[in-house]
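Thanks, everyone. Please look at the structure on the screen while I talk.

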Amino acid sequence: MQKNANAMRPWRLALLGLGLAGLMAGCGSESGGQAQAGGSKQAAPATPGQVMSVERRDIVLDKSYPSLLSSENEVTVVARVSGLLEARQFEPGDRVEKGDSLYTIEPATYQASVRSAEADLQSAKAERDRAQRDADRYQRLLNQNSVSRQDYDDALADLQVARATVAQNEAALDSARIDLNYTDVEAPVSGAISLSEINVGNLVDPGTELATITPLDPLEVRFQLPQADALALRRQRDDQEAPIGATLSRPAEQGNAALSLDGKLDFLGSRVSESTSTVEARAMFDNPEGSFLPGQFVRISLSGLKRYDVLAVPEIAVTEGLMGPQVFVLDDDNKARARTVELGETAGHWLIIKSGLETGERVLASDPGGIQPGTTIEPQPFDGDAASGS
């Protein structure tokens with residue numbers, strides 16, 4: 001038995017040697033594979049992207065303001081004299097011009113009053129002329145001591161009364177002529193006229209409302225500006241001689257196409273409303289076709305409204321991170337680092353940055369899709385067009 005056991009010992013040693021050799025070969029193969037794989041793995045290539053240096057700038061805003069159109073120059077036409085309304089010279093909705101005849105109010109009565117006042121004036125002038133002759137005669141007689149001083153003074157008094165009567169009758173004639181003119185009711189302004197409030201044949205009195213005229217061209221639009229916008233606009237207006245342009249727009253609705261008019265800002269208030277913290281402004285627009293009417297809701301855009309000395313980045317550069325809006329800032333190794341920022345106003349394709357960035361920092365200005373913190377960026381020059389980032 002001892003012999004058999006000793007005979008089997010070399011076989012066991014051989015098998016153990018083969019097992020150790022296989023294990024070492026497996027380990028060598030695995031380590032060799034890992035080394036080969038490690039040798040074939042290379043650093044990921046840098047991702048190209050437009051990069052801009054953050055600098056302070058004056059930037060043009062893209063803002064508009066709501067307004068409810070109302071005609072501040074709307075006029076109510078009223079009767080100035082009493083009488084029957086004899087005629088109407090317009091159709092409701094017509095465009096009338098200043099001075100156009102609108103109504104006729106019983107002129108015959110006032111024509112008679114004018115003729116009566118003219119006759120009274122002629123009589124008064126005749127009496128004045130007689131008193132003048134008497135005063136002249138008494139003057140000569142007084143010089144000849146043929147009349148008393150009292151007689152001469154009475155003649156002068158009669159002359160003064162006659163002259164006053166002439167002035168009184170002249171005023172009465174002027175009043176009668178004014179009333180006669182009021183019988184032809186004229187348009188006080190140009191614009192679109194409403195329905196007539198009084199039918200022809202009715203009796204009217206002074207103050208009776210007849211119709212309303214709404215000026216449409218030019219169109220006056222008043223709106224409210226936030227304090228910051230008003231201050232920026234005042235500064236801009238002081239810096240340039242040309243007027244501030246304005247655009248009046250109305251969106252498409254109920255099958256009607258969108259419309260717009262170009263005009264200019266002609267008034268900017270000098271005080272802030274305590275209740276709304278806004279400043280009143282006014283713009284004027286040519287509206288020859290009457291495309292815009294009072295009562296419509298519209299938006300007013302001002303061209304060239306700026307924010308001065310601010311930091312801004314292209315809108316496409318801003319993404320939403322865990323802590324809010326963020327941009328990618330490049331470090332010295334051109335690696336992207338996420339930076340949370342506080343956003344301000346939108347200016348077209350730009351976003352104003354209120355905090356989170358400093359001047360001189362490099363920001364990824366193109367589409368950050370696929371970029372992760374730590375990604376190496378191959379900086380490309382920024383072309384300055386915030387709308388073209390990709």
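Helix 2 is part of what covers the buried residues of helix 3. Some terms before I go on. Helices (H or I, at least four residues) and strands (E, at least two) are DSSP runs, numbered from the N terminus. Buried means under 20% relative accessible area, exposed means over 50%, and partly exposed lies in between, with a 1.4 Å probe and protein chains only. Contact, or cover, means heavy atoms within 4.5 Å.

Now the ground rules. This is a predicted model, where local features need pLDDT of at least 70, side-chain atom pairs count only at pLDDT 80 or more, and totals for chains, interfaces and linings use all residues. Residues are numbered from 1 along each chain as its sequence is written, and side-chain values use heavy atoms, with hydrogens and water left out.

Back to helix 3. Which of its residues are buried? They are Tyr152, Ala155, Leu159, Ala162, Val166, Asn169, Leu173 and Ala176. Keep the geometry of a helix in mind here. An α-helix has 3.6 residues a turn, so residues three or four places apart point the same way.

How far should helix 3 reach from end to end? The expected span is 1.5 Å times one less than the number of residues. For the 34 residues of helix 3 that comes to 50 Å, and the end C-alpha atoms are 50 Å apart, so the two agree.

Next, the partner. Helix 2 covers residues 107-143, which is 37 residues. Buried in helix 2 are Pro107, Tyr110, Val114, Ala117, Leu121, Ala124, Ala131, Asp134, Ala135 and Leu142. What covers them? The cover includes strand 5 (83-88), strand 7 (101-105) and helix 3 (149-182).

How do the two helices meet? Two packed helices are described by the angle between their axes and the distance between the axes. Axes are lines fitted to C-alpha atoms, for helices over the stretch in contact, and angles run from 0 to 180 degrees between N-to-C directions. The axes of helix 2 and helix 3 come within 7 Å and cross at roughly 165 degrees. That makes helix 2 roughly antiparallel to helix 3. The cut-offs: under 35 degrees is roughly parallel, over 145 roughly antiparallel, 65 to 115 roughly perpendicular, and the rest oblique. The residues of this contact divide into 20 nonpolar, six polar and 13 charged. Nonpolar here is Ala, Val, Leu, Ile, Met, Phe, Trp, Tyr, Cys and Pro; charged is Asp, Glu, Lys and Arg; polar is the others, Gly among them.

Look at the two sides of helix 2. Phi of Glu106 is near 35 degrees, a positive value in a residue other than glycine. Glu106 is partly exposed, at 23% relative accessibility. Just after helix 2, Asn145 takes a positive phi of about 60 degrees.

Now strand 17, residues 306-314, where we find Ala312. Is Ala312 buried or exposed? Buried, with a relative accessible area of 1%. Setting aside residues up to four places away in sequence, Ala312 touches Met52, Ile59, Trp350, Leu351, Ile352 and Ile353. Asp58 is 254 residues from Ala312 along the chain, yet their C-alpha atoms are separated by 9.4 Å. Asp309 also lies in strand 17. Its phi is near 55 degrees, again positive in a residue other than glycine. Asp309 is partly exposed, at 46% relative accessibility.

Next, a cis peptide bond. It runs from Asp217 to Pro218, with omega near 0 degrees. Pro218 is in the loop between strand 11 (209-214) and strand 12 (219-226). Leu219 is in strand 12, and it is buried at 3% relative accessibility. Leu219 and Phe285 are 66 residues apart in sequence and 5.1 Å apart in space, C-alpha to C-alpha.

Last, the whole chain. How many helices and strands are there? Four helices and 24 strands. Of the 390 residues, 32% are buried. Among contacts with a separation of 6 or more, 75% join residues 24 or more positions apart.
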